[in-house]
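Biologist: I'd like to learn how to read a structure like this one. Could you take me through it step by step?

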Amino acid sequence: MSLWGKLDNKLSDGTVTVNHANRIVVGSGTTFGANNGVGYAATGDVIRFGTPFGGSAGYFGEAVITGIGNTQELYINSTAGISPIDLTGVAYQITQTPKSGSTDAAFNKFSRGISQQGAIKLLTTVNGNVAAGTTVITTTGTATGNGIVVGDVVEITHDSLLPRPAYHKVNTIATNTIRVEGGLPTVKSEYRLAAAASTGDAILTIKEAPVLSFLDGGRFGAHLTDLTNNNGSGQTFGLGLAGINTAGIGTAKFIDPETVEIVLSGNVKLAANHPIDTIVTISRGVITGSIIEVFASEDVTGDETQVVGVSTVGVEHASGTQFETGAGWVGVTTYVDMHGTLRVKKDILVAMSGIQTGNLPIYDGNPLA
């Protein structure tokens with residue numbers, strides 16, 4: 001798999017929503033993987049969120065596509081290059097920009113988003129499990145009186161083995177509750193069966209899966225203590241990564257330091273035999289005790305970075321302007337100085353001809369226009 005290509009124009013129809021905690025991108029009206037990826041999103045491509053040069057409210061960074069689930073679901077390598085905010089129903093672009101840009105602190109949106117993040121307004125914990133799809137979160141600390149406003153960023157940290165943040169937007173608050181826009185996405189965690197399970201079983205033993213969690217880059221890592229919070233309520237059991245034979249969890253308790261016993265709820269029983277070490281997927285919204293923080297939105301006056309494709313035509317149009325540069329993949333940083341003057345810094349990351357552009361804006365003498 002090459003480190004970059006020449007296409008900055010692959011079809012990017014529909015909109016996407018990012019599940020930060022599980023590094024899953026869900027599309028609406030999308031065609032991921034169509035035509036075996038020729039002209040469409042494919043494994044190894046880069047997905048941009050929003051539009052370059054759109055500022056903190058219009059461009060949200062990028063990630064490398066590691067797999068295509070179907071035409072409306074794909075998986076990304078990391079959220080290290082994505083703005084630390086809720087991304088629901090946003091436009092996107094598929095490109096073959098250098099893969100290193102998503103984890104390069106000089107060019108990714110996560111590092112910029114953190115450095116330019118607004119002031120923290122609340123740091124507390126979640127009080128009570130919250131089901132996926134729910135919008136109201138009960139907090140241990142008081143939410144009112146902290147200057148929280150609609151649109152502020154809500155960050156929830158899931159799990160303790162490999163902490164995974166998820167981001168939402170404030171809709172309303174009350175004394176000890178925060179209502180977020182949309183609903184909480186389903187967050188999945190991986191474990192394994194500690195003993196073989198048979199057809200008809202409703203009581204199962206679960207152990208941690210640290211090697212599995214390491215191999216998938218921490219996308220599903222979790223401790224047993226996360227599973228037993230609030231006795232397992234508000235969580236759903238499933239087998240395999242797809243989570244088949246799903247059922248609610250009635251109770252979850254430790255039977256020794258390395259094993260948890262769960263009892264399926266609703267009189268549900270397994271429909272087949274499953275050997276020891278079978279993958280177990282536990283799904284939920286958010287569990288009690290999870291850290292929740294509320295921040296002001298990112299400072300819109302800070303510098304903005306993006307990596308874009310510049311064709312030979314783009315070079316000609318940008319000649320003699322602030323955006324003058326060579327052909328290839330170019331990192332561009334823009335900011336307004338203390339005198340109100342626009343400043344532009346360009347770094348040619350890969351000098352090459354033949355870049356095929358089409359994703360907007362087309363780089364020219366003023367891509368900000």
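Modeller: Happy to! Let's begin with G285, which is buried at a relative accessible area of 2%; buried means under 20% relative accessible area, exposed over 50%, and partly exposed in between, with a 1.4 Å probe and protein chains only. This is a predicted model, where local features need pLDDT of at least 70 and side-chain atom pairs count only at pLDDT 80 or more, while totals for chains, interfaces and linings use all residues. Residues are numbered from 1 along each chain as its sequence is written, and side-chain values use heavy atoms, with hydrogens and water left out.

Biologist: Where is the place of G285, and which residues does G285 touch?

Modeller: Look in the loop between β18 (279–284) and β19 (291–295). Strands here are DSSP runs of E, at least two residues, numbered from the N terminus. A contact means heavy atoms within 4.5 Å. Not counting residues up to four places away in sequence, G285 touches V130, A131, A132, H158, P185 and V187. G133 is 152 residues away from G285 along the chain, yet their C-alpha atoms are separated by 7.1 Å.

Biologist: Why does H168 count as buried?

Modeller: Because its relative accessibility is 4%. H168 is found in strand β11 (residues 164–174). Its contacts, not counting residues up to four places away in sequence, include D86, D152, V180 and P185.

Biologist: How do I read a sheet, and in what order do the six strands come?

Modeller: The general idea is that strands of a sheet pair through backbone hydrogen bonds, either parallel or antiparallel. Two strands pair if DSSP finds at least two bridges between them. In this open sheet the order is β2-β3-β6-β5-β4-β7, with antiparallel pairing. At the edges are β2 (15–19) and β7 (92–95), each pairing on one side only. On average, neighbouring strands of the sheet are turned by 40 degrees against each other, direction ignored. The axes behind such angles are lines fitted to C-alpha atoms, and angles run from 0 to 180 degrees between N-to-C directions.

Biologist: How many bridges join β5 to β6?

Modeller: Four bridges link β5 (residues 59–70) and β6 (residues 73–76). Within this pair, N70 stands opposite E73.

Biologist: And what lines the largest cavity?

Modeller: On a 1 Å grid over the protein atoms alone, a cavity is a set of points where a 1.4 Å probe fits but cannot get out, and lining residues have an atom within 4 Å of a point. Here the largest cavity has 14 lining residues, with D8, V308, G309, N359 and P361 nearest its centre. About 80 Å³ of space lies in this cavity; a volume is the space filled by probe spheres set on the points, which are joined across faces, edges and corners. P361 has another feature to look at: the peptide bond from L360 to P361 is cis, with omega near -5 degrees. P361 lies in the segment after β23 (356–357).

Biologist: Last one: are N35 and N36 buried or exposed?

Modeller: N35 is exposed, with a relative accessible area of 51%, and N36 is exposed at 80%. Find N35 in the loop between β3 (24–28) and β4 (46–50), where N36 also has its place. For N35, phi is near 55 degrees, a positive value in a residue other than glycine. Phi of N36 is likewise near 55 degrees.

Technical notes
On a 1 Å grid over the protein atoms alone, a cavity is a set of points where a 1.4 Å probe fits but cannot get out, and a pocket is an open set with protein on both sides within 12 Å along at least five of seven lines; lining residues have an atom within 4 Å of a point.
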